[in-house]
Amino acid sequence: MTIQEGLPFPEDAAQAGMQESRARAAKYSRRNKFRAWDLPRGDMGRVPREWLIQSGLTQRVPDDLAPFVEWFHNQPEGRERFRWALRDSLDELLDGQRTGRWAYQHLTKTEKTYLGTAVEVNLTKEFDIANGADLDWSIAGLDIDCKFSKDLGGWEIPMEMYLCADHGESGGHANHVAVLTWMNDDTCQWAAGIVRITDERLRWKQGQNASGERVRAYNRDNKRKLDYGAKSEVYWLWGGLQRDLPTNLLLHLDPKMRTRILTAKNRGRASGQERVNQLFREVPNQLIGRQTVLTVAQQDDSPKRARDARIKLRPKGIVVLGHQGLHPHIARALELPVPIKGEWISTRLVPVSSDDARPKFSLDGQFWARAREHELDLEPVPAPDLHDKLKIDEENRSGLALTS
């Protein structure tokens, strides 16, 4: 056996000096150029009246679905992990850092088709789900498939999922179970259900022959959607309709505010740093995630733009808190949401007296609190420098006093 140690280095590579460099390609590349996108046209998906579901449902778990339902309910923080897997799947396709996109409607037709695959891949990794014998997944030792649709009720079921004498070798070996997933970024809603697929639970239509007998309603890929009547056979995890798909901040911003952020310039030129600075000016007292910063900056070092915003905004009285050092303690002292890794939160500070009743902290003897509405129009006082060497003063926790 011959062992190939490596391909010969191209003879002209040394002369060109650029064989493995992106420099010449990047000079003309459009992929990393900032791009603005129009408001989405139309809704992300449809919710047919026949498939409307409620929140807080109480359902009896069918015996044949019990192993799957129990498995999901026993996963630590299963619901939280599930909804974030959905969020991350869409964000991966939006790829805001390279494309500037912030809405599902900005995706190409091909990318929209891939969203279901992305959801399955991320759920598989998130819950470490094993491969099935005949289907994608094995849960509790049983085969189960994962289906996604942006339209509630729009899941497309292939022949191998269910028994049918007319399908021959293309048919399934059993009536298998499916996890039905759905989300709508426009409304921050999502749902996950479990159902056993059968021939009768899928759609039929009236035939075109003289007898008018029912025939199976296949699409061009020989797949069928669930019949409207099958909704009652679905067991909805975590009580049915969920209303807390992690928020797509840019999508749900006021359009004028979003425009100011995405068109921010420095000395008349488009600037990733200025866009991030404007983001923290426009959206104070609210957690801002990594994906939003990546999309706004559209640069390879986008997170650094968030860190540099602390320096740029400090003279304006604005602090940008992250997850490290004293920043979480300061956020708690100010009664703000506390950032975790990959999150930031900004707020405008004003110096206050020690007897001011609002939440505050002190640094080198000066107390600071969040600015009230009427104080936002006053001349800003430069915010304190919250450098990493600050430590909590153990002798005075009442206002989270800080000393350098």
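Is Trp 190 buried or exposed, and at what relative accessibility? At 0% relative accessibility, Trp 190 counts as buried, where buried means under 20% relative accessible area, exposed over 50% and partly exposed in between, with a 1.4 Å probe and protein chains only.

The views below show a predicted model, in which local features need pLDDT of at least 70 and side-chain atom pairs count only at pLDDT 80 or more, while totals for chains, interfaces and linings use all residues. Residues are numbered from 1 along each chain as its sequence is written, and side-chain values use heavy atoms, with hydrogens and water left out.

**View A. Aromatic pair of Trp 51 and Trp 155.** The model holds ten aromatic pairs, a pair being two rings of Phe, Tyr or Trp (its six-membered ring) with centres within 6.5 Å; planes under 30 degrees apart are stacked, over 60 edge-to-face and the rest tilted. Trp 51 and Trp 155 pair edge-to-face, with 5.5 Å from centre to centre and 80° between the planes. Trp 51 lies in the loop between helix 2 (23-28) and helix 3 (66-73), and Trp 155, 104 residues apart from it, in the loop between strand 3 (142-149) and strand 4 (156-157). Helices (H or I, at least four residues) and strands (E, at least two) are DSSP runs numbered from the N terminus. Both Trp 51 and Trp 155 are buried.

**View B. Aromatic pair of Trp 190 and Trp 238.** This pair is tilted, at 5.9 Å centre to centre and 55° between the planes. Trp 190 lies in strand 6 (residues 189-196) and Trp 238 in the loop between strand 10 (235-236) and helix 7 (249-252), so the pair ties together parts that are 48 residues apart in sequence. Trp 238 is partly exposed, with a relative accessible area of 21%. Trp 190 and Trp 238 belong to one aromatic cluster with Trp 71, Phe 72, Phe 82 and Phe 127.

**View C. Arginine charges over the rings of Tyr 228 and Trp 204.** A charge sits over a ring if NZ of Lys or CZ of Arg is within 6 Å of the ring centre and within 35 degrees of the ring normal. Arg 203 lies over the face of Tyr 228, 4.7 Å from the ring centre. The charged end of Arg 224 is placed over the ring of Trp 204, at 5.2 Å from its centre.

View D. Ser 346 is buried, at 0% relative accessibility. A polar atom of its side chain lies 2.8 Å from the backbone oxygen of Phe 280.

Definitions and conventions
Polar contact = N/O pair within 3.5 Å; in protein donor to acceptor, adjacent residues only side chain to side chain.
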